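Student: Before we discuss terminology, may I see the sequence and the model together?

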Amino acid sequence: MGALDDVKAAARQAALARRAEAHRAAGPGRGGMLSAVLAGHRGVPVSGYMPIRTEIPPLAAMAEAAAHGLVGVPVIEGPGLPLRFAEWEPEAVMVPGPFGAQVPEPCRWMVPEIVIVPLLAFDRTGNRLGYGGGFYDRTLEGLRARGPVLALGFAYAAQEVGAVPVEATDAPLDMIVTEREVIRPQGR
């Protein structure tokens, strides 16, 4: 491991603790700002995620979006691969997929134009700290090569840090939505 790997590992540990505390303290309506943002993009294919651990849950906003267009959830097919997205509906039967993440059954593939990205930490320049597998970085690179995509980080406000440690392969976010505000990084 290099120096940047050590810095990121320490940042992840601190971010997990901050997120856990924010999750414990959060009340209802955490996804209201996300719903408002997605309302401005009705009918555009969107991917959300099935929240794990203390991730802020996007499910209510995903259900609202599903009433107007395709919604998907990420499927991890293997280490080093980009994510694929399976169509999701609020009543979908969910089963453990590869690597234990919940996926819809049956699995029908879709391509999102808006990707709601979970994260551990973010900064106001659009950088995010993830879990370290690079799945969203590879995925966003591939989607952006195909055409426009909106990478929308969804997090608790308490997950904001002054600066996220980044490297060249880290894909930036176009927007960050918290339970309190919408952040549009300059230049994105």
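Tutor: Strand β1 (residues 46-47) and strand β2 (residues 71-75) pair in the parallel sense over two bridges. This is a predicted model, in which local features need pLDDT of at least 70, side-chain atom pairs count only at pLDDT 80 or more, and totals for chains, interfaces and linings use all residues. Residues are numbered from 1 along each chain as its sequence is written, and side-chain values use heavy atoms, with hydrogens and water left out.

Student: Why are β6 and β12 said to stand at the edges?

Tutor: The open sheet of eight strands runs β6-β3-β2-β1-β7-β10-β11-β12, with mixed pairing. β6 (109-110) and β12 each have a single partner strand, so one side of each lacks a neighbour in the sheet.

Student: Why is threonine 178 called buried?

Tutor: Buried means under 20% relative accessible area, exposed over 50%, and partly exposed in between (1.4 Å probe, protein chains only). Threonine 178 has 1% relative accessibility, and therefore counts as buried.

Student: Which residues is threonine 178 in contact with, leaving aside its neighbours within four places in sequence?

Tutor: Contact means heavy atoms within 4.5 Å. On that basis, threonine 178 is in contact with Met33, Phe122, Ala155, Tyr156 and Ala157. Threonine 178 itself is found in the loop between β11 (175-177) and β12 (182-183).

Terms used
Helix = DSSP H or I, 4+ residues; strand = E, 2+ residues; numbered from the N terminus. Pairing = 2+ DSSP bridges.
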